[in-house]
Number of protein chains: 2
Amino acid sequence: MSSADGIRLGFLGLGTVGAGALAALQEEHEAITRRVGAELIAVRAAVRRPDRPRPVSLDGITLSTDPVAVATADDVDIVVECIGGVTVAREAVLAAMAAGKSVVTANKELIAKHSRELFDLADRHGVDLAFEGSVGGGIPIVQPLRHGLTANRVKQVVGIINGTTNYILSAMTRSGESFEQLLSEAQAKGYAEADPTDDVDGHDAAYKLTILAMLAFDTPLSEDQVYREGIRRITPADMALARSLGYRFKLLAIARDRGAKLELRVHPCLVPESHPLAAVNDVYNAIFVSASPVGEVMFYGRGAGADPTGSAVAGDVIQVARNLRGGGVRGFPLACGTPRAVATVDEIESSYYVRMKVVDQAGVLAVLAGILGKNLVSIAQVLQTRGEPGDAAEQVAELVWVTHETTEARLRRSLAEINGLDACLEVRNVFRCFGVDA
Amino acid sequence: MSSADGIRLGFLGLGTVGAGALAALQEEHEAITRRVGAELIAVRAAVRRPDRPRPVSLDGITLSTDPVAVATADDVDIVVECIGGVTVAREAVLAAMAAGKSVVTANKELIAKHSRELFDLADRHGVDLAFEGSVGGGIPIVQPLRHGLTANRVKQVVGIINGTTNYILSAMTRSGESFEQLLSEAQAKGYAEADPTDDVDGHDAAYKLTILAMLAFDTPLSEDQVYREGIRRITPADMALARSLGYRFKLLAIARDRGAKLELRVHPCLVPESHPLAAVNDVYNAIFVSASPVGEVMFYGRGAGADPTGSAVAGDVIQVARNLRGGGVRGFPLACGTPRAVATVDEIESSYYVRMKVVDQAGVLAVLAGILGKNLVSIAQVLQTRGEPGDAAEQVAELVWVTHETTEARLRRSLAEINGLDACLEVRNVFRCFGVDA
């Protein structure tokens, strides 16, 4: 399965992640050779522009513009896919596995959208498919879920798994500035893309959550089963109120096993400041796993970038190489359990933060409490404030309340009734909370 | 290597950890069989008292009082050592490996004291030796260091890896009570042993640090190379001062690669409250790894107990079983790099907290600063207080200062000079700090 001289790698793409992984393998070449028991040699790389200068040595590497040719070359033992996306990358990865080659990738979109096809093919051809770098950058989380925690029944995985949004939310918390201002700042610093949709609307986190949930619950899933909301509608007023109620805003990715169904959701969330996830700031990521018998474990680190993700990809390459050397034992079979039903958004169970503009008169809170009580929604916290600038002049007040855990359907029914009240002038914002009843 | 019916386990010891691991394997039997591709069957167990009732089913398990007999029995494929200590456990583990059996253990003392002998024997006989449960309870940390982070050069590992002392220190921080009072409370709650030496004097943490450092730096080490101090001398006055200076007391286990030498030390430490380790409270453990290229990653969870440690041991059993099924590929070779020199305590580089009783008169601080400056020790923070009850009546004050990073030798030389001053009545306590200059 490998040449006598070592184990030969074919890189697909030498952008940020590909160059990062190659640099990591070159940097610690001697120690890695010792650990694998064989030399790892990069022999081929497919790149779009072979003449472009790269921040890494290409000595001994034959460049090509044809990913499938590299993926299926006779002298390649392990294919390292760092192209991204689901067109060329998918075609090349499928071709590599069909040619009997193990694949390492950090491509979250590919795994989240095409897991079944990829896992089946890996199984059929008896090859490894490793993707530690697809979630949480350099944080080891895929391997712990596939290996170390594999004796556990996972109940819940909650993650801060998008660095861009966490950077923006951390900055909003600190500065009180608006989402738009801080998005521009993040773009200027290179922490957000020119088109930020993938990050700020939660697509990136949804891909990663799909992968975490497949591993945690050992079941096939795809990213379109994830309920998704972005962070654009969080205002400085919400930020300030969350703080005074003892919470921090985070874009959470939540996967919960509710027995009959799974909950899979990505949305902004108020997290109690005493929870370890509330302290995860800026571009850091963290994944919090609740499982039996282990209890609660958390993994924390930099969630993106050439170095952290390069570390994860290089770690996978070493592991797969070691498996090849040992005679081809592979990682665990992937997501091979029975398919599971996923809850609709109405069935989600959560607590909620609601901020509304009301007529400033006695009895409003009592009417509100009556409607919530009738709908079996129980209040955990209430705060009445002077509201936004201009509110006071109108003889109105702002009322903010946080509920105990209930279903989304019950909350929506309550809000429909509350909206019909004369005293309710406007429901200004609604967010889910996490861990209020913990 | 295994019977057609499955992979057969022999347990050595069915106390807290052994019973926890067996329960974890029984609880998720079906899912685990699917993941391994074969059934895991506990066939034998060595226990001291076969008639004692156990919190776990012993159906189909032949009990014995002879650990070596179980460890070498023909019908045992994997030996799960949960006896603890380094006499019987060592003898049985060596016998098992010599008989060609892979071993799973959570025995930190055994690995920390006899790693070389054990690793060599595992290598010689081509068997697995897995010990995830030996550090951090259920937190996956051994596997991430051996696998996921293996492309990295580790610079530093800092851990809170003893639950008993962390429980006591957290309670001291909250309540202001003394070490003795809270030790008694921890003993009453079962968080501390009747003889607490192993925990409160840092032996347990030193074993675990030895294991972490061997994996992180890929070099053979033994626990007697770890510099060690316990938590007994922390007073309520130190606790309160640390808080007002912005720190929390933690028993830290620190392994640093300083290039020429390694630093290996376990001692109480003032940690800035903004550092993620400062928020790790009660019986929780956390391990903070700084490495290149990954940056900083942290692992957090419950550090002890039947369930978390059972999860780690069961996870190792599954992994080793999977390796056996796949034809016997083993984990990475262990600590196979070149031996490294370890720094003496004088060579340690740290910042320091010093609390002293001084004559309350002008110019004392200037004299002090002069001595420190001459010894190249630079001050980061100073606090003058009224001191302990009775101090005020004597016209004395208490002076607390925190230094920037320096060597232990320089600090000791400075303190010797300061002790000789008429104005210095007493050096009340000295502790190392962590992360002051980060």
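Two residues are taken to be in contact if their C-beta atoms, placed from the backbone, lie within 7 Å. On that basis, in this predicted model, the contact between the chains takes 52 residues from chain A and 51 residues from chain B.

Several elements of chain A build its side of this contact. Helices α1 (16-27), α2 (29-36), α6 (142-146) and α12 (306-325), together with strand β12 (295-302), each supply at least two residues of the side of chain A that touches chain B. The largest share, ten residues, comes from α12(A).

Strand pairing also links the two chains. β12(A) and strand β12 (residues 295-302) of chain B run antiparallel and are joined by five bridges. Within β12(B), B:M298 is the bridge partner of A:Y300.

Within chain A, the domain assignment gives domain 1 (7-137 + 306-325), domain 2 (142-302) and domain 3 (348-433). The centres of domain 1 of chain A and domain 2 of chain A, taken over C-alpha atoms, are separated by 27 Å. In the contact of these two domains, 14 residues of domain 1 of chain A meet 17 residues of domain 2 of chain A. Helix α5 (residues 108-125) of chain A gives the most to the domain 1 side, with seven residues.

The residue classes of the two contact sides are set out below.

Definitions and conventions. Residues are numbered from 1 along each chain as its sequence is written. Chains are lettered from A and ligands numbered from 1 in the order in which they are written. This is a predicted model: local features need pLDDT of at least 70, side-chain atom pairs count only at pLDDT 80 or more; totals for chains, interfaces and linings use all residues. Domain bounds come from an automatic or database domain assignment. Helices (H or I, at least four residues) and strands (E, at least two) are DSSP runs, numbered from the N terminus. Two strands pair if DSSP finds at least two bridges between them.
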